[in-house]
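Student: I have a structure open and want to learn how to read a few of its features. Can you walk me through them?

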Amino acid sequence: MFLISALAAAVGAAPSAQAHRPPGIAYPPSSCTARVSTALVPEGGSLTVFGCGFAPQSPVSIDVLSSVVHLTTVRADSNGDVVAEVTLPKVIEEGPHTIRLTGENPDGTERVQKVGIEVYEDGHGAPPSPPGTGGHETGGLAGTGLSGMTFTVTAAGLLLSFGSLTLLLVRSRRRRARAS
């Protein structure tokens, strides 16, 4: 029961730890990368793009690569974070593409972040499966973070392992107590 409470506390504490950065801590952290709300997007579809580590209040250009298509320019917030809802123009063909965020680091140097997406033809059945799921392989798309299912399976595995270890320890102590 303690492990479940600790796990819930850790999961609940994660967002607030990022929201309140202690003074003197370097930002952006090395794990600061671009992310998208979905890596599978229908032709002409929309998605949310997330970036971080840009100079506060600086402009950030969001483009699709293959042939460069400018989507929008947004302003980073006071923490240097970017969140933008973008719609892909119909001219972007199906297949793998890269979303690129270009702006400025807090020190004034150029900052570029990239994340992969897969555009699929809308209206022709179900969308392709994400890479590694046994369906249509999209080949080399960047991961966008730990999915809810992956987290659940990992947490369940850890809980089962912890429970098994606890059972073994309890049985071992009982045997020692009987032998005494």
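Student: Is Arg100 buried, exposed or partly exposed?

Tutor: Go by relative accessible area: buried is under 20%, exposed is over 50%, and partly exposed is in between, using a 1.4 Å probe and protein chains only. Arg100 comes out at 22%, so Arg100 is partly exposed. Keep in mind that this is a predicted model, where local features need pLDDT of at least 70, side-chain atom pairs count only at pLDDT 80 or more, and totals for chains, interfaces and linings use all residues. Residues are numbered from 1 along each chain as its sequence is written, and side-chain values use heavy atoms, with hydrogens and water left out.

Student: Where does Arg100 sit?

Tutor: Strands (E, at least two residues) and helices (H or I, at least four) are DSSP runs, numbered from the N terminus. Arg100 belongs to strand E7, residues 95-104.

Student: What does Arg100 touch beyond its sequence neighbours?

Tutor: Contact means heavy atoms within 4.5 Å. Setting aside neighbours within four places in sequence, the partners of Arg100 include Ser61, Asp63, Leu65 and Gln113. Val64 is 36 residues from Arg100 in sequence, yet their C-alpha atoms are 6.2 Å apart.

Student: How many disulfides are there?

Tutor: Look for a pair of cysteine sulfur atoms within 2.5 Å. That rule gives 1 disulfide. Cys32 and Cys52 form it, with sulfur atoms 1.9 Å apart. The two cysteines are 20 residues apart and link distant parts of the chain.

Student: Are those cysteines buried or exposed?

Tutor: Cys32 is buried at 10%, and Cys52 is buried at 12%.
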